[in-house]
Amino acid sequence: MRKVGIAGVGHTKFGRAEIPLVDVLALAALEALDDAGVKTGKGNVDQVFVASMGAGILNRQSSVASALVDTLDLQPAMAETIENGPASGASAVKLGYMAIASGMCDVALVVGGELMRVVTGWEATDFVATMLHPDAEYAYGLTLPAFAGMFTRLYMDKYGVTEKDLAMVAVKNHEHAMHNPVAHIQLVPNFHAIIEDEDAHVINPYVAEPLRVYDVCPVSDGAAALVLCAMDLVDRFPKKPVRIAGIGQATDTHVVAEREIPTDLLAVRLAAERAYAMAGLKPEDIDVAELHDAFTILEIAISEEAGLFPRGEGHLAARRGDTRVGGKLPINTSGGLKAKGHPLGATGVSQIVEIVRQLRGEANGRQVEGAKHGLAVNFGGFGNNVVATILSKEG
Amino acid sequence: MEPRMYAYRCTACGKLFHPARAVCRRCGGREFEAVPLEGEGTLLTYTRVYALPEGYMKPWLGFGIVEFPNGLRVSGHMNTEDLTVGMKVRATVGVVKEGVGRDYYGFIFEKAG
C-alpha cells in the first residue's frame, strides 16, 4: 500500500453560518486546496469525499458531494457523500486514505460539514436521536444527552468522578478555544460560578442529570477540509505532508442497554487498538489528542479507553492538569467539541485539522511543543461506531 | 387489546433478546419467538432530561435502564421521582410518545411494591 499524507487543511469559523451548506463546504475546501497548493479545474483532484450527517434531514439536500464538485470546478472528479452519524468525518478521511493507499488515485479532497442551526434546538436534538434504535430508544424520546447522563451516573458511582471534575474539563476546553480563532465559543466560563456558587444551578442548570449545560457541546454550523495525497508525491506540495500513520474503526451494539459492561466504550478501545497496531505506535507515543467530547464525561472515558490513562483515572489526570496545554498529554487543544463546536459531519475532519496544525507547529497560543504523533477519536452513535486516526510528523 | 412488550427467544438456542434482531448473537440462529417481557427488575442507572426532543410538551422526563431477572436490559421511562440505583421497579406498558395518528407504546417503570 502507498503511504498517505495530508498536504492541506481548511476550517471555517464554527458557529452560525448564515450561508447554504454547499457554500460552507466550499469555503473549507478552498482553504485546504490553497494550503496544499492544489489548483481547481480538471484533473488536479481525483476524488472528493464529503461527510454530512444531516444534509438530507436538516437542509433537505441530498448528494452534496456532486454539488460541491460542481461549485469548486473539480469535474470530472469522482465524488460521494458519506453518512456515518457523528463519525461521518473520520469515516470520510478513512475512505480518502483507502482511495490513495490502494493506488486508485493520487490526490483526494475530504470535506466534512453541517448546517444545524437552521432548526430549533428541539428539532436538532430530535434529529441527532434518529441514529438510536427506532423502537427501543428513539420512540421513547431518548436522546444522546439522555444516554450520556445515564453513562455519567454509572461512571461517577464506579470511579468517583465528580461534577467538579466534569466542570474542570469544560473550563479547560474553553480556555484552549480562546487560542483557536475558528472555535464557536470565545469565552471562558468561571469555574466557581458554574459549579461551586449557590446559584450555579441557575446559570448552569441540568440538561440530563448529572450533566449540566456546561457539560454539553453547543449546536454549531461549520466545515473542515483536508487534501490527502500519496506520500511519494510529497515534492508537489509546498508544505511537507503530515502522514496518516494509522486508522482503526470498530462497532458496538446499536442498543445501548445491551452493552455487557455499561461503563465500557468497547468500540473506542478496539478502534484505538487497531490504529496503534497499524501505526506501530503505543499510547505512550501520543503527544496530543483530540477526543470526541460531545459531553465532558466522554473526554475522560475516551482518554481511558484509548489507553492514554489507566481505567478510572482519566478524571485524576484532568485534576492534575495533565490534559491542558503545557501538561503531560494535552487533550482537545482546539477547544474540543465542547468549545470549538460540533457540526456533526465536520467534527471528525476538524479533529484531524487540529492534529495537523499541532504537528506542523502552526497552533500558535495552544501549540504543544515538539508534538510528533497525534490521535483523533471520532465517536458515532452512543459509541456504536468509532473511528480512531493517528497522524505522524515525518522526518 | 392491551399493549404488551416482548422479548424475542432464539428458537435454536433459547437466548433472549430485546429488541428484536435478525441474527442470534450466541448461535447465529435466525428465527425467534415473541415471549412477554414483564414483571419486576432492577434499576441500573437513570437520568432526568430537561432538554427533550421535539414532540414532548413536558418540562422534563425520567429515563432509566432496567435489568430483568432473565438478564435482559432495556431502556424506559421512569414514572417515579424517587430514584436510586439498585432499586426494584415494576414494568408497565404505556404511551411513551404521541405521534401523528399513532401512539408509541413502551416500558414505563414504577416503584415496585
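Just after helix α14 of chain A, A:G361 takes a positive phi of about 80°. This is a predicted model, in which local features need pLDDT of at least 70, side-chain atom pairs count only at pLDDT 80 or more, and totals for chains, interfaces and linings use all residues. Residues are numbered from 1 along each chain as its sequence is written, while chains are lettered from A and ligands numbered from 1 in the order in which they are written.

Helices (H or I, at least four residues) and strands (E, at least two) are DSSP runs, numbered from the N terminus. Helix α14 of chain A covers residues 344-360, and its 17 residues reach 25 Å from the first C-alpha to the last, close to the 24 Å expected at 1.5 Å a residue; the expected span is 1.5 Å times one less than the number of residues. Of the 17 residues in α14(A), 16 are buried, where buried means that 20 or more other C-beta atoms, placed from the backbone, lie within 10 Å of the residue's own, exposed means 12 or fewer, and partly exposed lies in between.

A nonpolar core is a set of buried Ala, Val, Leu, Ile, Met, Phe, Trp, Tyr and Cys residues joined through C-beta atoms within 7 Å. The largest such core has 154 residues, and A:L25, A:L68, A:L226, A:V227 and A:V349 have the most contacts inside it. Helix α1 of chain A (residues 21-36) provides the largest share of this core, 11 residues. Two residues are in contact if their C-beta atoms, placed from the backbone, lie within 7 Å. When neighbours within four places in sequence are left aside, the contacts of A:L226 include A:V349, A:I352 and A:V353. In soluble globular proteins, nonpolar side chains tend to be buried together.

Strands pair if DSSP finds at least two bridges between them. The table sets out two pairings, one from each chain.

Chain B has 0 helices and 8 strands. Three of its strands form an open antiparallel sheet in the order β2-β1-β3, and the edge strands, β2 (16-17) and β3 (32-36) of chain B, each pair on one side only. The C-alpha atoms of chain B fill a box of roughly 45 × 35 × 25 Å along the principal axes, and buried residues make up 27% of the 113 residues in this chain.

Chain B is divided into domain 1 (1-37) and domain 2 (38-113), with bounds that come from an automatic or database domain assignment. The C-alpha centres of these two domains of chain B lie 21 Å apart, and the contact takes 8 residues from domain 1 and 8 residues from domain 2.

Between the chains, the contact takes 30 residues from chain A and 28 residues from chain B. On the side of chain A that touches chain B, α5 (121-129), α6 (144-159) and β5 (206-208) each supply at least two residues, and α6(A) gives the most, with 7 residues. The residues of that side of chain A divide into 17 nonpolar, 5 polar and 8 charged, where Ala, Val, Leu, Ile, Met, Phe, Trp, Tyr, Cys and Pro count as nonpolar, Asp, Glu, Lys and Arg as charged, and the others, Gly among them, as polar.
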